[in-house]
Amino acid sequence: MMETGSYGSTLRYKSVERIKPVGKHSLLGASGELSDFQELLRYLDELILYDNMWDDGNSMGPKEVHNYLTRVMYNRRNKFNPLWNTLVLGGVKNGQKYLGTVTMIGVHFEDNHVATGFGNHLARPILREEWHENLSFEDGVKILEKCMRVLLYRDRSAVNKLQVWLSIHTLHFVLLFQAIDNLRGDRLYGSKLDVTDYVFIILPLLRLDPTLSQIAKITEEGVTISQPYSLKTFWGFSAFQNPTVGAEGSW
Amino acid sequence: MTKQQANWSPYDNNGGSCVAIAGADYCVIAADTRMSTGYNILTRDYSKICKLADKSVMASSGFQADVRALQKQLAARHSIYQHQHNKQMSCPAMAQLLSNTLYYKRFFPYYAFNVLGGLDNEGKGCVFTYDAVGSYEKVGYSAQGSGSTLIMPVLDRQLKSPSPLLLPAQDAVTPLSEAEAIDLVKTVFVAATERDIYTGDKVEIVVLNADGIHREYMDLRKD
């Protein structure tokens, strides 16, 4: 799952993963400063490790991890040294689905669909209209692809590359997807959908070759990643043909 | 070389309105469920109301992260109080605690605008209203948050609170019945929703009385 870490308008690092599994039940995606995300992953490593060391059969679920992240982000903001990220945390535990978000100043909430950055403006209205309980996996992917297509058309720094993370769990799933923004850091769009046996996250990938999307699958047993695929787009509108025909001397 | 300035603010206003009305034997606390940032709506289904004790319910609007931190802080302190005193905190006691907690951060305030409602030890309704740094007053009713300027004048007209300057001290609680008070709360929220962009989606209404605690919701305009 290739993603870029950009540096201003340069595509500086081209093999960066922006969504990571956390413990057995959750997936964390981040937009913003990659180094701060990496530090968060170190904190979470320790958190999950100490949780495992109790060896008591309990494990940190998405709600717990979300609360921990909220506290970390808020406390850093209190010290005027924030972790410059917007986080999306989704997962399923004991059949209960969960999707939440935390910003760099500690604002946090849980909802059926979340987004960061441009996604709030472009994707969430679509999700508000089309999301409902009992969405099937295929329908969920369709809705997200619709959102991604709109973002691709209207966000100058998006690219046509998607990756889907899938996590299998009982009876509910969380769908989370991410658009990589090669110029301004990535965005995350999440949607909580109720379907049998899946939790998944969709990630658009940024790469030099903007033709690919992928589906990655994380299950109780492990992770599988689909082959990359691209969205169908249409650019043949008549207004785009010969755009300078009415303006002599223009190019 | 100019000094680099901070280009982020530790505060944000997530909007919303809160109202509380005290009655002879009940208290109504209400808040809308919209959470916004700038011109965006983040979520339409977010509760601003927190039950701090059996007889104390707080509604807070403002910066959501601070509101949550404040609620957690008070809940923790209440837990300690219960261990130490083997009883729940009364509403006036909670009111003082909230004021002290807010003032503790006088020089980096909780950006939270609170109304605390509940029943005092005699079962009479009481409402306390706060600013962000803990200045508070016991009143018969109050509104805080983005719609407060739209709501408060309506409540003033309807509830005819006697002036605190009048002597002998007059009762602050409204003679309205519980049903009338709930109806008034619904009316003011509908009014505020019309003109305040940060108020809307749903209003959550909590009623405290001798029978316990009761919660209801009403849809508001979503635009």
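**Figure 1. Elements of chain B that line the largest cavity in the predicted model.** β6 (56–62) and α1 of chain B each supply at least two residues of the lining. The largest share, 3 residues, comes from β6(B).

**Figure 2. Residues around the largest cavity.** The structure holds 1 cavity of 30 Å³ or more, and about 70 Å³ of space lies in the largest cavity. Its lining consists of B:N14, B:G15, B:R34, B:M35, B:Y46, B:K48, B:S60, B:S61, B:G62, B:Q64 and B:V67. Sorted by class, the lining has 6 polar, 3 nonpolar and 2 charged residues.

**Figure 3. The interface of chain B and chain A.** Here 23 residues of chain B are in contact with 21 residues of chain A. The area buried between the two chains is about 1800 Å², and carbon and sulfur atoms give 58% of that area. B:W8, B:L42 and B:F108 supply 32% of the area that chain B buries against chain A, more than any other three residues.

**Figure 4. Salt bridge and polar contacts between chain B and chain A.** The count between the chains is 1 salt bridge. A:R77 forms a salt bridge with B:D66, with the closest N and O atoms 3.3 Å apart.

**Figure 5. The side of chain B that touches chain A.** β4 (40–43) and α1 (64–85) of chain B each supply at least two residues of this side. α1(B) gives the largest share, 6 residues. By class, the residues of this side divide into 12 nonpolar, 6 polar and 5 charged.

How values were computed
Residues are numbered from 1 along each chain as its sequence is written. Chains are lettered from A and ligands numbered from 1 in the order in which they are written. This is a predicted model: local features need pLDDT of at least 70, side-chain atom pairs count only at pLDDT 80 or more; totals for chains, interfaces and linings use all residues. Side-chain values use heavy atoms; hydrogens and water are left out. Contact means heavy atoms within 4.5 Å. Buried area is the accessible area (1.4 Å probe) that two parts lose on being put together, summed over both. A salt bridge is a side-chain nitrogen of Lys or Arg within 4 Å of a carboxyl oxygen of Asp or Glu. A polar contact is a pair of N or O atoms within 3.5 Å; within protein, one must be able to donate a hydrogen and the other to accept it, and residues adjacent in sequence count only if both atoms are side-chain atoms. Helices (H or I, at least four residues) and strands (E, at least two) are DSSP runs, numbered from the N terminus. Ala, Val, Leu, Ile, Met, Phe, Trp, Tyr, Cys and Pro count as nonpolar, Asp, Glu, Lys and Arg as charged, and the others, Gly among them, as polar. On a 1 Å grid over the protein atoms alone, a cavity is a set of points where a 1.4 Å probe fits but cannot get out, and a pocket is an open set with protein on both sides within 12 Å along at least five of seven lines; lining residues have an atom within 4 Å of a point. Grid points are joined across faces, edges and corners, and a volume is the space filled by probe spheres set on the points.
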